[in-house]
Amino acid sequence: MIVELLSLGLLFAPIPNELPPTFYAEQRIEEEGVNEYMGTYELTAYTWTGNKCTDGIWPCAGVTVASNDPNLWHKSIYIEGYGVFFVHDTGGMASNVIDIYMDSYDECIQFGRQKGEVYIVEQGL
């Protein structure tokens, strides 16, 4: 997670055993205003389907999310409490739902349905 935040420019340097990586993303969002609050979304999870994402890449856990909200397509987003993701995919869900890609069916079942505050961190990569 720290490496992902570094690569997205959301973390200046890893500080082991102190605060969770999401703290640093939240701090940068607050300090630099590199966000646009999008609202509360329902969070669900999906796993391997054998297909590439809508934008042609293979999904990756900890990076890929799907959303049918056109305001989020091809953007980096921060989900409070979960971290930074990129909207690579769409799906059969409502526009107020974000589907987080996970490595296994069991992880998806354990995640269930949740709610999360969502911010656009930067324009699409």
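**View 1. Thr44 and the residues it touches in the predicted model.** Thr44 itself belongs to strand E1, which covers residues 36-46. One of those partners gets a side-chain link as well: a polar contact of 2.7 Å joins the side chains of Thr44 and Asp99. Is Thr44 buried or exposed? With a relative accessible area of 11%, Thr44 counts as buried, because the cut-off for buried is under 20%.

**View 2. Val65 in the largest nonpolar core.** The largest nonpolar core has 15 residues, and Val65 is among those with the most contacts inside it, along with Leu72, Ile77, Ile79, Ile98 and Ile100. Not counting residues up to four places away in sequence, Val65 touches Tyr46, Ile77, the run of Phe85, Phe86, Val87, His88 and Asp89, and then Ile98, Asp99 and Ile100. Another core lies apart from the largest one; it has 5 residues, among them Ala66, Met93, Val97 and Tyr101. As a bit of background, nonpolar side chains in soluble globular proteins tend to be buried together.

View 3. How many disulfides turn up in a search of the whole structure? The count is 0. Take Cys53: the closest cysteine sulfur is in Cys60, 9.5 Å from the sulfur of Cys53, so the two are too far apart for a bond. Cys53 is buried, with a relative accessible area of 5%. Cys108 is buried too, at 10%.

**View 4. Stepping back to the whole chain.** The protein chain has 3 helices and 6 strands, and from the N terminus on they run α-α-β-β-β-β-β-α-β. Of its 125 residues, 40% are buried. Looking at contacts between residues at least 6 apart in sequence, 68% join residues at least 24 apart.

Definitions and conventions. Residues numbered from 1 in each chain as written. Predicted model: local features only at pLDDT ≥ 70, side-chain atom pairs only at ≥ 80, totals over all residues. Heavy atoms only, no water. Helix = DSSP H or I, 4+ residues; strand = E, 2+ residues; numbered from the N terminus. Buried < 20%, exposed > 50% of the residue type's maximum accessible area, 1.4 Å probe, protein only. Polar contact = N/O pair within 3.5 Å; in protein donor to acceptor, adjacent residues only side chain to side chain. Disulfide = S-S within 2.5 Å. Core = buried A, V, L, I, M, F, W, Y, C linked by side-chain atoms within 4.5 Å. Contact = heavy atoms within 4.5 Å.
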